[in-house]
Amino acid sequence: MRTIESEGWGAVWQRDMASYDPDSTLAAVDEERAGVRCEKITAYLENHLGELSGKRTIEIGCGGAIYSMILGRLGARATMLDYSPDALTLAERNLGALNLDGKLLQADAFNLPLELHGRFDVAMSFGTVEHYRYPRRLAICKSHVELLRPGGVAIISTPNILFLPHEILKVLLTARGKWFLGYEGSFSRRELHRVGRELGLLDIRIVGSSWRTDLRRYMRIVRETHTFRRWFPNFRYLSSATEVPPQSHHWLDDHLGHDIVLLGTKPSVG
């Protein structure tokens, strides 16, 4: 599989815009804000940066900009960067649904304008860096650190290679020609930690999303596929079985959750 370039991602975001629903955007933000992953991220930010009000954040490969909206609600000054103009259109529409302001920046994360270097308190990405192979895989991670001021926080969230439902589904969809996200190389905790060390980050932490919630979500996805319905036409289950309950922490989240997140701080000068 090849990495999708700007035009390919534009098709992805155009599809999202075609089915755009402001209520769904609000629900997605609220669901993520109440989730295990977000609780760990915001706790780390508050521990290292204090109050987020007025802090400068930048989301690389922003797409729908969910975390820019979450941190914007906490008072952060959000910048959203993407090389796809369609992604920025979607991000702008999402912010508008929440009555939030933010700066939109069309740029290449591998060739960042020098005036952006060292300007931000938080540089983050969600579901971006796994779409590149080395050496670009490490290079886009380094871009996060270039954007940070000394003492700023890097957040890099990726799929977890140990969350097998996603990995199996990806293989099956690829085999049937239905995988549309191009190359996606999920990370292990060890790889993310190694990346953090190579970036020179301090106070490195690797945290994960709720594996129980993620598993229930994938069970719902599978049950709604045409293949499942064809193989099990008489399968019945209670509607509550498909609902995603409120998330709670579990010690396995950091190891088996669908998403794992590298958190670290840029060393201070001197």
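Let me start with a word we need: a residue counts as buried when its relative accessible area is under 20%. Keep that in mind. One more point before we go in: this is a predicted model.

First stop, two helices. Helix α2 covers residues 22-33, and helix α4 covers residues 66-73. Two packed helices are described by the angle between their axes and the distance between the axes. Here the axes come within 10 Å. They cross at roughly 70 degrees. An angle of 65 to 115 degrees counts as roughly perpendicular, and α2 and α4 are therefore roughly perpendicular to each other.

Which residues of α4 meet α2? They are Ile 66, Tyr 67, Met 69, Ile 70 and Arg 73. From the α2 side come Thr 25, Leu 26, Ala 28, Val 29, Asp 30, Glu 32 and Arg 33. Sorted by class, this contact has seven nonpolar, one polar and four charged residues.

Hold on to Tyr 67. We move to the rings now. The model has three aromatic pairs. I will show two.

Tyr 67 pairs with Phe 126. Stacked or edge-to-face? The ring centres are 4.0 Å apart and the planes sit at 5 degrees, so this pair is stacked. Tyr 67 belongs to helix α4, while Phe 126 belongs to strand β4, residues 120-126.

Next pair: Phe 110 and Tyr 132. Their ring centres are 5.1 Å apart, with planes at 75 degrees, so the pair is edge-to-face. Phe 110 is in the loop between β3 and β4. Tyr 132 is in the loop between β4 and α6. The pair therefore ties together parts that are 22 residues apart in sequence.

Are these two buried or partly exposed? Phe 110 has 25% relative accessibility, so it counts as partly exposed. Tyr 132 has 8%, so it counts as buried.

The charged end of Arg 136 sits over the Phe 110 ring, 4.0 Å from its centre. Arg 137 does likewise with Phe 187: its charged end sits over that ring, 3.8 Å from the centre.

Last stop, Thr 265. This residue lies in strand β7, residues 259-265. Its relative accessible area is 8%, so Thr 265 is buried. What does Thr 265 touch, leaving aside neighbours within four places in sequence? The contacts are Tyr 44, His 48, Gly 151, Gly 152, Val 153, Gly 200, Leu 201 and Leu 202.

Definitions and conventions
Residues are numbered from 1 along each chain as its sequence is written. This is a predicted model: local features need pLDDT of at least 70, side-chain atom pairs count only at pLDDT 80 or more; totals for chains, interfaces and linings use all residues. Side-chain values use heavy atoms; hydrogens and water are left out. Axes are lines fitted to C-alpha atoms, for helices over the stretch in contact, and angles run from 0 to 180 degrees between N-to-C directions. Helices (H or I, at least four residues) and strands (E, at least two) are DSSP runs, numbered from the N terminus. Angles under 35 degrees count as roughly parallel, over 145 as roughly antiparallel, 65 to 115 as roughly perpendicular and the rest as oblique. Contact means heavy atoms within 4.5 Å. Ala, Val, Leu, Ile, Met, Phe, Trp, Tyr, Cys and Pro count as nonpolar, Asp, Glu, Lys and Arg as charged, and the others, Gly among them, as polar. Rings of Phe, Tyr and Trp (its six-membered ring) pair if their centres lie within 6.5 Å; planes under 30 degrees apart count as stacked, over 60 as edge-to-face and the rest as tilted. Buried means under 20% relative accessible area, exposed over 50%, partly exposed in between (1.4 Å probe, protein chains only). A charge sits over a ring if NZ of Lys or CZ of Arg is within 6 Å of the ring centre and within 35 degrees of the ring normal.
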